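Thank you all for coming. Before I say anything, please take a moment with the sequence and the structure, and then I would like to talk about aromatic rings.

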Amino acid sequence: MLSSKMEAALNKQLELEGYASFLYLSMASWCEREGLEGCAKFMYRQSMEENEHMMRIFNYINETDGHALAPAINQPPHTFESVKVLFDQVYAHEQKVTASINNLVALSYEEKDHATLNFLQWYVEEQREEEALMRTILDRIKLIGDGPQSLYYIDLELEKINEIEEKAEAESEA
Ligand code: FEO
């Protein structure tokens, strides 16, 4: 059973994951309109993943006798200065999510809530992977440059990352 403090904190996390899902959806749409198909595909997948992150917590709250509350989501921005700025924003949001997950872990220690502590380990690992992936993308953008001539090559890099991610997903489902 969840303490009311833990339940409220997990419900709060739904907002962050839900916002990430809509922010990445908005980014996917912008990329698509800019002709960046690889980036768009990447952001659509990230958006779906964030929805799954939200639902995993949502289901956990109800499974542990809490009440999962569908969150209010602020409308994300619709336009982005450049593809580099867009990925800077993704990285910043992921860091914010990581900090929030760490706070949830700390709270589950305080509350002696071992079930939630155990549940959160998946998120600890997921955040480590997501931050590493975003850093890799930003490093590549730095190497390629983000002027108009570079966009084609940035998009190709994202296509390569999409292929790797899709292969890993297929293997995990097999
Ligand atoms: Fe679910 Fe990428 O934070």
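**Aromatic pairs**

Let me begin with phenylalanine 80, which at a relative accessible area of 7% is buried, and please keep in mind throughout that what you see is a predicted model.

How many aromatic pairs does the structure hold? There are six aromatic pairs in the structure. In one of them, the ring centres of tryptophan 30 and phenylalanine 80 are 5.9 Å apart and the planes are at 80 degrees, and since over 60 degrees counts as edge-to-face, this pair is edge-to-face. If you follow the chain, you will see that this pair links distant parts of it, with tryptophan 30 in helix α1, residues 4–33, and phenylalanine 80 in the loop between α2, residues 37–63, and α3, residues 83–110, so that the two are 50 residues apart. Tryptophan 30 is also buried, its relative accessible area being 11%.

Let me turn now to tryptophan 122 and tyrosine 123, whose ring centres are 4.9 Å apart and whose planes are at 80 degrees, so that this pair, too, is edge-to-face. Are these two residues buried or partly exposed? Tyrosine 123 counts as buried because its relative accessibility is 0%, whereas tryptophan 122, at 33%, counts as partly exposed.

These two rings also belong to a cluster, in which ring pairs link Tyr60, Phe119, Trp122 and Tyr123. Finally, please look at the face of tryptophan 122, because arginine 56 lies over it, at 3.7 Å from the ring centre.

Technical notes: Residues are numbered from 1 along each chain as its sequence is written. This is a predicted model: local features need pLDDT of at least 70, side-chain atom pairs count only at pLDDT 80 or more; totals for chains, interfaces and linings use all residues. Side-chain values use heavy atoms; hydrogens and water are left out. Rings of Phe, Tyr and Trp (its six-membered ring) pair if their centres lie within 6.5 Å; planes under 30 degrees apart count as stacked, over 60 as edge-to-face and the rest as tilted. Helices (H or I, at least four residues) and strands (E, at least two) are DSSP runs, numbered from the N terminus. Buried means under 20% relative accessible area, exposed over 50%, partly exposed in between (1.4 Å probe, protein chains only). A charge sits over a ring if NZ of Lys or CZ of Arg is within 6 Å of the ring centre and within 35 degrees of the ring normal.
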